[in-house]
Every structure is written in C-alpha cells, then in structure tokens.
Amino acid sequence: MVASNLVAAGTGIYGSAADQISTPLGIFVDVNLDLYVADCGNHRVQLFPPGQSNGITVAGNTSLNPTITLRCPSGIVLDAEKYLFILDSGNHRIVGSGVNGFRCLVGCDGQGSQSNQLYSPFSLSFDSYGNMFVTDTFNHRIQKFLLLKDFSALSFNQPKFCPTATWNPDAITIANRSIVGQWSRAIFMNTNNTIYVANRENNTIVMWDEEGVNSAKIIHDSFTGPSSLFVTSNGDIYIDDGQENGRVQKWNAETEIFVTVMNVSSECAGLFVDVNDNLYCSLYDEHQVVKRSLNDAVITSNSVAAGTGIEGSDPNQLLDPRGIFVDVNLDLYVADCGNHRVQLFHSGELNGITVAGSESLNPTITLRFPSGIILDAEKYLFILDSGNHRIVGSGVNGFRCLVGCDGQGPESNKLSGPFSFSFDHSRNIFVTDQWNNRIQKFKYLEESCDTSSVVETMYSSVLTSNHPIYPRTGCDFSYYEAIKIRVYKNGHYSFNSISNINTYGYMYAKDFFPFIPSINLFAKDDGSSSNSQFNISIPLQINTEYILVVTTYNLVETGAFSVYMSGPDRVDLERLRNIYILNLIS
C-alpha cells in the first residue's frame with residue numbers, strides 16, 4: 001500500500017515567508033538530504049535542511065548575500081563542491097555560483113533563437129564531461145553547450161593589491177612619438193607582458209615585449225585613427241576602425257589577416273571582449289555601448305548594452321562614453337566621460353548605477369572626463385581621470401590618487417591628457433600619455449605593501465584664527481600648521497588626514513618659505529582620500545628633514561584635524577612656530 005505523502009517544504013498556501021513557497025518548479029536533494037527548491041513565483045532558490053520547515057534563501061535578491069537577481073527560476077543542479085547552477089527561466093539564461101558569487105554562464109545575450117540564446121528554458125543537466133544540456137522550451141529544441149576545457153578567462157593582468165599599494169610618482173618613458181606616433185590613445189598589455197599600442201599617426205599596431213621595444217613588431221592594414229584595441233588570450237587583436245570605415249576589425253594571430261567583426265556607426269572609444277566572447281564597443285558619438293556575439297558565424301545587428309542613443313545624465317543614459325570593462329559576472333562598467341562619472345550596468349539591466357563621481361551613492365572622488373577603467377582581482381576600481389591628468393584607485397578607505405597627482409605637465413611625475421592604461425604582471429602601470437606623445441611606466445613599489453613591521457603614529461591639532469596665514473594659491477590666504485618630520489629608517493611612508501574640514505597637505509624637503517610656497521615642494525595632495533582628505537604616500541630618507549604643511553582647501557577655514565602616519569619605523573613630529581623668522585635667520 002502506498003502511504004500518504006509527507007510535506008518536505010511549503011505550507012500549501014502560496015506566500016513568501018520562510019516556510020512558504022510559490023509555484024515551485026525544479027528541485028534538488030543532495031547527499032545530506034538538504035532540499036533545494038526553485039521557488040519560481042518568489043524569484044528565489046530556497047534551501048530546506050532535513051526536518052526543517054523554514055527555508056533559507058540561497059539565491060535571489062532577498063538572500064543573505066544577494067549577488068544575483070532571478071526571474072522565475074525553474075531548475076537547479078549542485079556540482080561536486082556544492083556550487084549552485086540555476087536555470088533562470090524568466091531571464092532565459094543559466095547562472096552559476098562560485099568563490100566570487102554568481103555569474104551568467106549561457107544564454108547571457110537575452111531572449112532569442114540564435115545559438116547563443118534561449119527562450120524560456122525549463123530544465124538542465126550535465127553529462128560526465130561537464131557539457132550542459134538544456135530544454136529550450138519555446139524554441140522547441142534541446143541545446144548542448146560544450147565545456148571549454150582549455151578556456152583561459154582573462155587575457156589581461158588583473159592584480160590584487162594591498163590597501164597601501166603605491167607606485168613611484170616619477171615614471172619612466174618606455175616609448176615616444178617615434179614608436180607610438182602622435183596622440184596615441186590605445187594600450188593593452190597581456191598576461192605575457194606583451195605591449196600593444198595603436199599608432200594613430202601611421203595607422204599601425206605596434207607590439208613588443210615589455211623589456212624590448214627595439215624589437216617591436218609593426219602590423220599594417222587599412223584602419224584609420226584607431227582609438228581602442230583589445231587582445232584576447234589566443235593573440236587575436238580587435239581594433240577600432242569606426243570613425244572613417246564604420247567597423248571593428250580583428251587581426252587573426254594565426255593567419256595574420258584582418259577581417260571585419262562588427263559594423264558600427266562611429267568610433268569605438270573603448271573595446272572589450274568578455275568571458276563569453278561578446279564584443280563590446282562604446283560609441284562615443286552615439287552615447288551608447290553596443291555588443292554582439294563573436295560566436296555567430298554571420299555578423300548580425302548589434303544589441304544595446306548601455307545607453308539610449310540620446311545624450312543625457314539619467315540612469316539609462318550616457319554622454320560621450322569611452323573606456324569600458326566587463327567582469328566575469330558580465331557586469332558592464334562605463335567611463336561616462338561627458339557626465340564625469342563611472343556607471344555600472346548589471347548584466348541585462350539598462351539602468352546604470354553611479355559607482356564613481358560626485359553623484360555616486362558614497363561620493364569620495366570628483367572626476368573630470370574619465371576615459372579608462374580596470375577592476376582589480378577584488379573588484380576595486382582603477383580609473384583614468386583624464387581631465388584631471390591622473391589615475392585614481394578605490395580601496396577599503398575609498399578613492400585616492402595613485403599617479404599623476406601633481407597636475408598636468410611634461411615632467412616625469414605628470415601626465416597630459418592620458419587616455420588609457422594597463423597593468424603588467426608585476427603590477428606596474430602603463431599609460432598612454434596622449435598630449436605628451438609617450439607611453440609612461442609607473443613602477444609598483446613592492447615595499448609599500450610590506451606590513452610586517454609597520455609603525456603607526458598619530459598627530460592631532462586644531463587650526464585656529466591665531467595660526468599663521470600664507471598665500472597657498474599665490475594670492476588668497478589660508479591658515480596653516482607646519483610640522484617638522486624626522487624618520488629613522490629609509491622607506492615608504494603614508495600621511496593621511498582625518499578631519500571635518502577640507503584639508504590640503506604639502507610636503508617640503510628641508511625648508512618651507514610661506515611666502516614662496518613653491519620652493520622645496522616635492523609632494524602635495526588634496527582630496528584623494530575619502531571625505532576631502534589628503535593622502536601623501538612617498539619615500540623618505542633618514543638624512544633629510546621634512547616639513548609637512550597642513551592647510552585647507554577653502555580660505556581661512558578653521559577646525560580640528562589629525563594626521564595618521566604609517567611606515568617602516570617611528571616618526572618624530574614637532575610643530576614649528578615662528579617659521580618665517582626661522583627662515584630668515586637660516
């Protein structure tokens with residue numbers, strides 16, 4: 001006799017409480033008898049441990065750590081390490097979890113009948129080789145997606161950095177106009193440290209090993225004035241040819257032949273190929289980012305990834321987009337140049353979120369015409385802030401200036417109209433210094449991340465109306481406090497201000513002359529740390545006296561401040577009084 005059924009999950013009344021489900025579809029029970037339910041009507045996946053009537057949301061926007069939004073999930077499979085694979089039916093795709101959260105795996109280009117698309121898929125299964133089989137319901141077919149065993153996700157370097165990572169502020173010029181031409185914009189460095197630069201003056205691609213520019217290979221074709229390029233892990237080069245010829249070309253590394261792979265209506269100020277072989281182009285003049293699958297044998301029309309095609313600053317709009325970056329979750333980051341912001345478009349979403357710029361949720365940096373973006377291994381943003389001629393980076397403490405922090409110019413510590421950048425395997429930064437007609441290399445300082453013997457010091461004081469004043473900008477006056485600094489070990493030191501006032505920091509070697517503030521100045525910063533605070537990270541020597549001048553961005557502003565210092569050894573600090581008289585005596 002068949003016994004009556006027992007309830008494994010749900011009350012029998014639809015709802016979204018922990019003990020309820022709504023229109024459940026696919027289920028999966030693991031070896032521990034944990035029950036996973038595709039709770040379609042609630043757009044979530046619920047886990048019911050054995051004997052428990054209350055479920056735990058493990059996927060969906062109400063989960064404990066929401067990293068994916070689902071729409072009527074209909075199927076679930078757990079792999080050998082208990083990572084979830086979910087058939088997200090309403091979004092016509094399959095997503096999978098991993099150490100970095102969820103990401104789209106197949107069907108990532110929206111509903112359709114192409115080979116890379118699905119239409120209301122219902123269930124999935126794997127064979128013993130890891131290939132995926134899907135019932136593609138409304139296309140009336142079963143689709144097989146092959147596991148790419150030799151797949152290499154990234155062709156570029158995506159380093160991991162410590163919070164105090166620092167680069168030498170004085171760059172090395174590794175290529176000048178004779179090699180990369182005038183107003184060079186596009187640079188790419190692959191994981192083998194091969195450098196690729198688009199020479200706009202000669203309409204060529206120049207490629208060389210990082211250590212040997214003299215043995216550069218030059219690739220010629222009929223492209224004109226390229227603004228961007230991207231190199232995949234097999235060595236194929238995608239290059240912008242949109243301005244004059246309305247196309248993106250691919251140089252096949254095996255055949256060394258160019259073919260057209262995308263038709264466009266204007267220049268691609270940024271190019272990117274994601275982990276699913278989708279090619280993205282940021283159409284600068286059309287205020288839009290478009291994409292197409294490279295797996296399609298025939299060049300089809302492009303689909304919209306971001307932007308309406310009409311300039312604007314609404315969440316779904318862009319203004320003169322430039323650099324783009326697509327992470328492994330297929331989230332799209334856009335340097336929204338004309339709106340002075342960086343926008344994040346989650347996979348499948350047309351409304352962007354401002355993640356950097358004065359209108360972001362937690363504004364800690366002001367941008368001016370950003371043109372390039374890279375995410376590091378921990379998803380921190382590095383932004384080429386072109387209009388401010390610098391590169392800034394985010395971290396646990398917000399944004400800070402990394403290189404080019406002393407304003408525009410031709411000197412080794414300055415940039416002028418930089419356009420794009422890339423990291424090598426050793427974390428060094430390479431920048432197309434456009435208006436200086438050169439490629440600059442900023443060397444990563446490994447000792448900046450040696451925290452084994454970091455010594456911390458705190459200095460606190462209050463700027464008052466009794467403090468001395470000086471012409472910080474050359475004519476208008478600000479209160480300041482001068483602090484003599486002596487270090488006892490050569491090394492890298494960081495000085496971070498903490499205050500409710502907008503502080504400005506200047507570092508001088510030996511003497512400080514208040515009425516000639518440019519003499520002996522070798523480092524300064526305003527607002528590169530969070531909350532409009534300065535962050536000065538520099539190498540200091542034991543045989544030199546330094547003077548840190550703390551003042552304010554706004555005129556004659558007063559208030560309390562602290563300076564947090566860290567470095568390889570202790571730092572002696574002494575407030576200097578009557579500094580102008582001392583300067584005259586010396």
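This is a predicted model: local features need pLDDT of at least 70, side-chain atom pairs count only at pLDDT 80 or more; totals for chains, interfaces and linings use all residues.
**Exercise 1. State which domains the chain has and how domain 1 and domain 2 are placed relative to each other.**

Solution. Step 1: take the bounds. The domain assignment gives domain 1 (24-219), domain 2 (229-442) and domain 3 (455-575).

Step 1: take the distance. Between the C-alpha centres of domain 1 and domain 2 there are 18 Å.

Step 2: count the contacting residues. On the side of domain 1, 56 residues are in contact with 54 residues of domain 2.

**Exercise 2. Find which residues touch the most other members of the largest nonpolar core, and where this core lies.**

Solution. Step 1: identify the residues. The largest nonpolar core has 74 residues, and W167, V289, L332 and F421 touch the most other members.

Step 1: locate the core. Both domain 1 (24-219) and domain 2 (229-442) contribute residues, so this core lies between them.

Step 2: examine one of these residues. Not counting residues up to four places away in sequence, L332 touches Y280, V289, A305, A306, I324, F325, V326, Q343, L344 and F345.

Step 3: check for a separate core. Another core, of 22 residues, lies apart from the largest one; I485, Y493, F495 and I536 are among its members.

As background, nonpolar side chains tend to be buried together in soluble globular proteins.

**Exercise 3. Give the strand order of the open sheet of 4 strands and explain why β18 and β21 are edge strands.**

Solution. Step 1: write the order. The sheet runs β18-β19-β20-β21, with antiparallel pairing.

Step 1: look at the edges. β18 (229-231) and β21 (258-263) each have a single partner strand, so one side of each has no neighbour in the sheet.

Step 2: inspect one pair. Strand β19 (residues 237-241) pairs with strand β20 (residues 247-251) in the antiparallel sense over 5 bridges. D240 has V248 in β20 as its bridge partner.

Conventions
Residues are numbered from 1 along each chain as its sequence is written. Side-chain values use heavy atoms; hydrogens and water are left out. A nonpolar core is a set of buried Ala, Val, Leu, Ile, Met, Phe, Trp, Tyr and Cys residues joined through side-chain atoms within 4.5 Å. Buried means under 20% relative accessible area, exposed over 50%, partly exposed in between (1.4 Å probe, protein chains only). Domain bounds come from an automatic or database domain assignment. Contact means heavy atoms within 4.5 Å. Two strands pair if DSSP finds at least two bridges between them. Helices (H or I, at least four residues) and strands (E, at least two) are DSSP runs, numbered from the N terminus.
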